[in-house]
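User: I'm new to reading protein models. Could you walk me through this one?
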Amino acid sequence: MSRTRVLVLNSGSSSVKYQLLDMRGSDRLAMGLVERIGEETSRLRHTPTGGLSREWSGSVPDHDAALKAVAAELAKDGLGLDSPELAAIGHRVVHGGKHFTEPTVVDDAVLAEIERLIPVAPLHNPANLTGIRTAQALRPDLPQVAVFDTAFHTTMPESAARYAIDVETADAHRVRRYGFHGTSHAYVSRETARLLGRAPEDVNVIVLHLGNGASASAVRGGRCVDTSMGLTPLEGLVMGTRSGDMDPAVIFHLMRVGGMSADEIDTLLNKRSGLIGLCGDNDMREIRRRVDAGDERARLAFDIYIHRLKKYIGAYYAVLGRVDAVAFTAGVGENAAPVREAAVAGLEGLGLVVDAGLNAVRADRARLISPADARVAVAVVPTDEEMEIATQTYALVEKER
Ligand SMILES: Nc1ncnc2c1ncn2[C@@H]1O[C@H](COP(=O)(O)OP(=O)(O)O)[C@@H](O)[C@H]1O
Ligand SMILES: CC(=O)OP(=O)(O)O
Ligand SMILES: [Mg+2]
């Protein structure tokens, strides 16, 4: 029997998104999501292609239990992990440091390196590790492939990748800007070129990945030249629960004057800041509902979010010199028309205009939302990290077969 299937696991801090794909025709056989892992009630939604979705609520204490629940759901559709058609399991790994520039077959040394990077991705790498170890236990005979969020950003020039701090200190502790969501930035910049009918090498794109975590990137001819996340996924845009950019002296101030510990401030900036810190909600749908109802705090949170986004569009415009397209992606970027409209408002001087009618269209395909005669294309391009991970995973195991 031919081994052409790939299972992809995208483990976040409290969720697992997964897809089972047959790579002969890039067909999705099943997909799903386990949410609120570790909370009192977790939720699983499983959708076999061509069949009805199944939902299930219950206790999923950790990512090990989550993957076992996923395996059980797949088995009900005759797509269990024991299938001889499985070629590999592909894993999103958030932090790969400077070391991993390509998808990599996991061995003990790779696991040790992912573990060593936990201090700079404390919300993500532990979940990624558990996912890999559980998958190894379920199918020890299969290659487990790690696809790193950081890989696409390793082309950044030193001028963008270095912080302006003492070089010896930075190098001793590997302090530099790594960038994240790279699989999405790579996929979306390529899909944007395709939407424009041009080769990726000829196109300069600003990608705005706006999910719970959010980041911007400047992509010149298919290569990343700058991105908004740094040593960790905390730098840059305002996010659901993370602050993004601020004066680093805020931390010393909170320690010395506020009496807070490093761990308390870490939790504050990663989990109690951003939109949730500003207005108590991190879901953009709820924030827009409150804004429309005249809620002042939600309005201020929205305005701060947009102000930061606009600054990055301007910065990356300057970095690239010539911009062919601005692409919005991920949960907020793909769905929140008011965010797209506000982010681009007032940028006519840069050639950026959104057509209100096109922006209001709801669709899950890549599409332009700028007028036909616009100098710079503005696009909505749905990301598909799982498909991209599957493609890279399958290409690697095919090569090594
Ligand atoms: N219809 C919508 N309108 C506005 N925001 C939305 C909509 N659907 C989803 N979102 C936003 O997308 C976010 C999740 O995006 P997603 O890319 O799935 O994030 P992550 O992968 O980081 O979990 C939610 O927090 C929500 O704010
Ligand atoms: C790196 C990162 O922020 O990932 P996510 O958006 O999945 O939290
Ligand atoms: Mg995401």
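Analyst: Helices (H or I, at least four residues) and strands (E, at least two) are DSSP runs, numbered from the N terminus. This is a predicted model, where local features need pLDDT of at least 70, side-chain atom pairs count only at pLDDT 80 or more, and totals for chains, interfaces and linings use all residues. Residues are numbered from 1 along each chain as its sequence is written, while chains are lettered from A and ligands numbered from 1 in the order in which they are written.

User: Which residues does the UniProt annotation "binding site" cover?
Analyst: UniProt positions are given in the numbering used here, feature names are shortened, and annotations may be inferred rather than shown by experiment. In this case the unreviewed UniProt entry puts "binding site" on Asn10 and Glu385. They span 376 residues in sequence, yet no two of their C-alpha atoms are more than 8.1 Å apart, so they gather at one spot. Glu385 lies in helix H15 (residues 385–400), and Asn10 is found in strand S1.

User: Is Asn10 buried or exposed?
Analyst: We count neighbours: a residue is buried if 20 or more other C-beta atoms lie within 10 Å of its own, exposed if 12 or fewer, and partly exposed in between, with C-beta atoms placed from the backbone. Asn10 has 22 C-beta neighbours inside 10 Å, so Asn10 counts as buried. Glu385 has 24, so Glu385 counts as buried too.

User: What does Glu385 touch?
Analyst: Contact means that two C-beta atoms, placed from the backbone, lie within 7 Å. Leaving out residues up to four places away in sequence, Glu385 touches Asn10, Arg92, Thr183 and Ser184. With that same rule, the contacts of Asn10 include Tyr18, Arg92 and Glu386.

User: In what order do the eight strands form the sheet?
Analyst: Strands of a sheet pair through backbone hydrogen bonds, either parallel or antiparallel. Here, two strands pair if DSSP finds at least two bridges between them. The sheet is open, with mixed pairing, in the order S5-S4-S3-S2-S1-S6-S8-S7. Its edge strands, S5 (54–58) and S7 (104–105), each pair on one side only. S7 pairs with S8 (residues 144–148) in the antiparallel sense over two bridges, and Thr104 has Ala146 in S8 as its bridge partner.

User: How many residues does helix H11 have?
Analyst: H11 (residues 296–320) has 25 residues. The expected span of a helix is 1.5 Å times one less than its number of residues. From first C-alpha to last, H11 reaches 36 Å, close to the 36 Å expected. Its buried residues include Phe302, Tyr305 and Leu309. Just after H11, Gly321 takes a positive phi of about 80°.
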